[in-house]
Amino acid sequence: MTGYLNVLLRLAIWFLLTANLSVANIIIGVSIALLLPHNDKTQEKLKDWLRALWQSIMAFPIAYKEALEIIFTPHDEEVIVMERVPARRTPGLIFLDIFIITFTPKTIVVKYHEDGWYEVHRIQRRKKP
């Protein structure tokens with residue numbers, strides 16, 4: 001089941017990159033999604049995929065909320081924080097995590113560390129003394 005989700009994720013990325021839904025582009029996208037190497041050794045759980053997809057959907061209202069906060073209140077402090085990668089993350093799920101973090105206006109992933117950490121640049125309001 002999660003193999004299909006990997007193919008769908010690759011197709012979604014292909015369509016986002018090309019912005020073309022012609023028959024030829026769909027055939028090329030499906031071919032590429034199927035020909036790219038798959039990692040059959042990792043065990044992905046459907047629960048992890050569903051949680052990541054739910055977080056992707058919830059990123060839209062959070063992004064609008066953060067955009068309005070930036071417009072109406074100044075965010076003049078920048079920090080770099082380290083966030084732990086959830087356990088059992090495959091490359092597809094790591095991509096979705098980075099997408100969710102970067103999609104919101106206040107945060108962007110600067111670097112992914114192989115030992116299980118995301119380096120995240122975050123803007124925030126300066127705390128008044």
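## Salt bridges, rings and strands in a predicted model

Q: In this predicted model, how far apart are the closest N and O atoms of the salt bridge that K106 forms with E69?
A: K106 and E69 meet in a salt bridge, and the pair links distant parts of the chain. The closest N and O atoms of the two side chains are apart by 2.4 Å.

Q: Is K106 buried or exposed?
A: A residue counts as buried under 20% relative accessible area. K106 has a relative accessible area of 15%, so K106 is buried.

Q: About how much of a helix separates E69 and K65?
A: E69 also forms a salt bridge with K65, where the closest N and O atoms are 2.9 Å apart. Both residues sit in helix 3, four residues apart. The separation is therefore about one helical turn.

Q: Which parts of the chain does the salt bridge of R126 and D76 tie together?
A: The side chains of R126 and D76 meet at 4.0 Å, N to O. The two residues are 50 residues apart in sequence. The pair therefore ties the segment after strand 3, which holds R126, to the loop between helix 3 and strand 1, which holds D76.

Q: Which residues do salt bridges with shared partners join into one network?
A: The structure holds six salt bridges. Among them are E69 with K65 and K106 with E69. Salt bridges that share partners make one network of K65, E69 and K106.

Now to the aromatic rings.

Q: What is the geometry of the F60 and F103 ring pair?
A: The whole structure has three aromatic pairs. For F60 and F103, the ring centres are 4.8 Å apart and the planes are at 65°. An angle over 60 degrees is the cut-off that matters here, so the pair is edge-to-face.

Q: Where in the chain do F60 and F103 lie?
A: The pair links distant parts of the chain, 43 residues apart. F60 belongs to helix 3 (residues 46–72), and F103 to helix 4 (residues 91–103).

Q: Which residues make up the cluster linked by ring pairs?
A: F60 is partly exposed at 43% relative accessibility, and F103 is partly exposed with a relative accessible area of 31%. Both belong to a cluster linked by ring pairs. Its members are F60, F99 and F103.

Q: What is the geometry of the Y112 and Y118 pair?
A: The ring centres of Y112 and Y118 are 5.7 Å apart, with the planes at 45°. Y112 counts as partly exposed at 26% relative accessibility, and Y118 counts as buried at 2%. From its plane angle, the pair is tilted.

Next come the strands and the chain as a whole.

Q: How many bridges join strand 1 to strand 3?
A: Strand 1 (residues 77–84) and strand 3 (residues 117–124) run antiparallel. E77 has Q124 in strand 3 as its bridge partner. The bridges joining the two strands number eight.

Q: Which residue takes a positive phi in the hairpin of strand 2 and strand 3?
A: Strand 2 (residues 107–113) pairs with strand 3 in the antiparallel sense over six bridges, and K111 has E119 as its bridge partner. The hairpin has three residues between the strands. The residue with a positive phi, near 105°, is G116.

Q: What radius of gyration does the chain have?
A: The chain has four helices and three strands, in the order α-α-α-β-α-β-β from the N terminus on. Its C-alpha atoms fill a box of roughly 55 × 35 × 25 Å along the principal axes. A compact globule of 129 residues would have a radius of gyration near 14 Å, but the chain has 17 Å.

How values were computed
Residues numbered from 1 in each chain as written. Predicted model: local features only at pLDDT ≥ 70, side-chain atom pairs only at ≥ 80, totals over all residues. Heavy atoms only, no water. Phe/Tyr/Trp six-rings, centres within 6.5 Å; stacked < 30°, edge-to-face > 60°. Buried < 20%, exposed > 50% of the residue type's maximum accessible area, 1.4 Å probe, protein only. Pairing = 2+ DSSP bridges. Rg over C-alpha atoms; globule rule 2.2 N^0.38 Å.
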